[in-house]
2 protein chains.
Amino acid sequence: MKLISKAKAFGGEQRLYRHQSKVTGTEMEFSVFLPREALEGFVCPTLFYLSGLTCSWEEVVTQGLPQMHAAKHGLIFVAPDTSPRGDNVADDDAYDLGQSASFYLDATEEPWSDHFKMETYLTSELPKLLMGALPVDEDAMGITGHSMGGHGALTLALRHPTLFHSVSALAPISNPVSGLWGRKAFEAYLGEEEAHWDDHDACALIAKLGWEGQILIDQGLADEYLEDQLKPWAFEKACRLANVDLTMRLHGGYDHYYHFIASFMADHIEWHAKRLE
Amino acid sequence: MKLISKAKAFGGEQRLYRHQSKVTGTEMEFSVFLPREALEGFVCPTLFYLSGLTCSWEEVVTQGLPQMHAAKHGLIFVAPDTSPRGDNVADDDAYDLGQSASFYLDATEEPWSDHFKMETYLTSELPKLLMGALPVDEDAMGITGHSMGGHGALTLALRHPTLFHSVSALAPISNPVSGLWGRKAFEAYLGEEEAHWDDHDACALIAKLGWEGQILIDQGLADEYLEDQLKPWAFEKACRLANVDLTMRLHGGYDHYYHFIASFMADHIEWHAKRLE
């Protein structure tokens with residue numbers, strides 16, 4: 001785990017790390033903000049943020065000032081990459097498949113299965129790496145994300161409830177098996193047998209596994225992907241049927257992008273901080 | 001004044017405008033954040049933010065979340081461009097001269113004098129344009145900026161004290177006549193006669209004109225340009241000799257860039273909001 005860069009921010013430090021991943025078989029990068037408390041050696045609650053299609057760890061560093069809000073609550077904020085990368089890693093010309101578009105699962109189909117093992121990377125290798133090197137409280141980890149990353153946050157939390165103790169999402173792809181983005185990715189990564197897809201669909205997972213805590217979702221109503229790709233209503237219905245506490249906040253006039261994420265980042269970090277205390 | 005894009009943010013709206021400038025003879029772009037109060041038609045205090053070398057109006061839209069802080073205080077936040085631009089506009093291969101590097105003055109020397117009239121643009125044309133189109137309170141305008149933009153904020157406020165009622169700066173070029181950036185730019189834009197340069201040097205201006213209000217400066221101590229280019233000590237001395245209230249805050253460990261700006265943006269917006277109320 002090699003420190004690539006660091007800068008002081010809000011009394012803490014914004015860092016970029018690179019490491020060789022055994023799981024993906026590639027070098028992986030992630031950014032982490034350490035609040036003052038962590039720099040002083042105190043064990044801190046930790047929030048993972050998963051980004052959307054076309055992004056890397058980089059965008060969220062400037063989207064919504066997570067450092068400011070994390071510093072306020074003494075939270076470590078980790079932004080992993082959205083996929084394995086490299087010249088030897090499978091890719092596709094489309095923005096919604098391959099590099100930057102892992103959908104945060106372990107691919108079973110060629111050529112993706114060689115490196116696209118993001119679920120195992122994010123739920124096993126990366127947390128262990130962080131716990132060994134930084135004052136991450138292993139009993140206080142939460143996960144959130146935007147769009148494809150919101151899908152990742154919901155599905156990884158539901159599938160790994162002993163690892164993640166809080167979960168929220170911004171404009172998540174809530175029911176990927178019924179949208180074009182999700183169906184294309186799942187067919188490529190998981191194969192044509194749709195029965196396997198439900199294991200990575202937030203609606204199907206909430207019905208099957210439930211969730212003991214509460215879930216926060218923010219959604220802009222001027223979001224161009226609302227009805228065709230994100231489908232928050234399907235997730236709301238699934239939570240209702242599964243008797244899961246969901247706070248679904250709808251925001252008139254907000255679109256899918258930067259200013260939407262920025263406007264509600266503070267609330268999400270506070271949501272996790274309160275539940276990870 | 002043509003609206004190029006807009007997005008809802010923090011209950012207000014982040015907009016990008018383009019217009020034909022009579023002063024620079026080019027199309028100019030600027031971004032503006034309108035808080036909810038402005039969208040409802042109430043006249044609001046307005047803060048101009050001038051950016052540094054290599055930037056345009058664009059970077060600060062994501063640097064330090066000015067929208068969040070401006071929304072909190074009901075402030076309009078305007079980010080003009082750093083120079084005129086275009087294929088027919090003089091330029092230089094160096095990053096510190098020409099397009100993106102106007103130093104916010106009216107050039108008197110060829111080839112710059114054709115279009116580089118940023119002082120007149122920022123203190124006459126742009127405020128009038130804004131007042132005619134948006135609920136800008138002409139009696140409550142402040143100015144701030146970073147690096148070259150900090151130089152611009154200080155010098156334009158000192159030279160136009162009836163226009164700007166509050167001023168602050170982040171890591172400003174405080175004494176350009178004594179640093180390489182400033183000397184190179186002033187020689188190109190203003191000619192070899194150094195006596196003319198003092199009219200655009202914050203230290204010389206504070207000695208000559210004073211300032212009735214208070215000034216806030218934030219400066220990182222890990223800033224690579226601190227001693228050779230920025231010279232806050234020279235400005236501090238000039239304020240002391242001129243009996244001008246200065247709050248100079250030095251911050252150990254902070255560099256010149258994004259995370260420094262982000263860490264102290266909230267304080268600057270609050271500083272202006274209190275003085276423009």
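Q: How many residues of chain B are in contact with chain A?
A: In this predicted model, 23 residues of chain B are in contact with 23 residues of chain A, where contact means heavy atoms within 4.5 Å.

Q: And what area is buried there?
A: About 1700 Å² is buried between chain B and chain A, and carbon and sulfur atoms give 65% of that. Buried area is the accessible area (1.4 Å probe) that two parts lose on being put together, summed over both.

Q: Which three residues of chain B supply more of its share than any other three?
A: B:Lys8, B:Leu65 and B:His259, which supply 33% of the area that chain B buries against chain A.

Q: How many salt bridges cross the interface?
A: The rule finds zero between chain B and chain A; a salt bridge needs a side-chain nitrogen of Lys or Arg within 4 Å of a carboxyl oxygen of Asp or Glu.

Q: Switching topic, how are the two copies related?
A: A rotation of 180° with 0.0 Å of shift along its axis superposes chain B on chain A, with RMSD 0.0 Å (least squares on the C-alpha atoms of residues with pLDDT of at least 70 in both). That is the relation of a two-fold axis.

Q: Which surface do they use?
A: The copies meet through the same surface, because 100% of the interface residues of chain B are also interface residues in chain A.

Q: How should I read the numbering and cut-offs?
A: Residues are numbered from 1 along each chain as its sequence is written, and chains are lettered from A in the order in which they are written. Local features need pLDDT of at least 70, side-chain atom pairs count only at pLDDT 80 or more, totals for chains, interfaces and linings use all residues, and side-chain values use heavy atoms, leaving out hydrogens and water.
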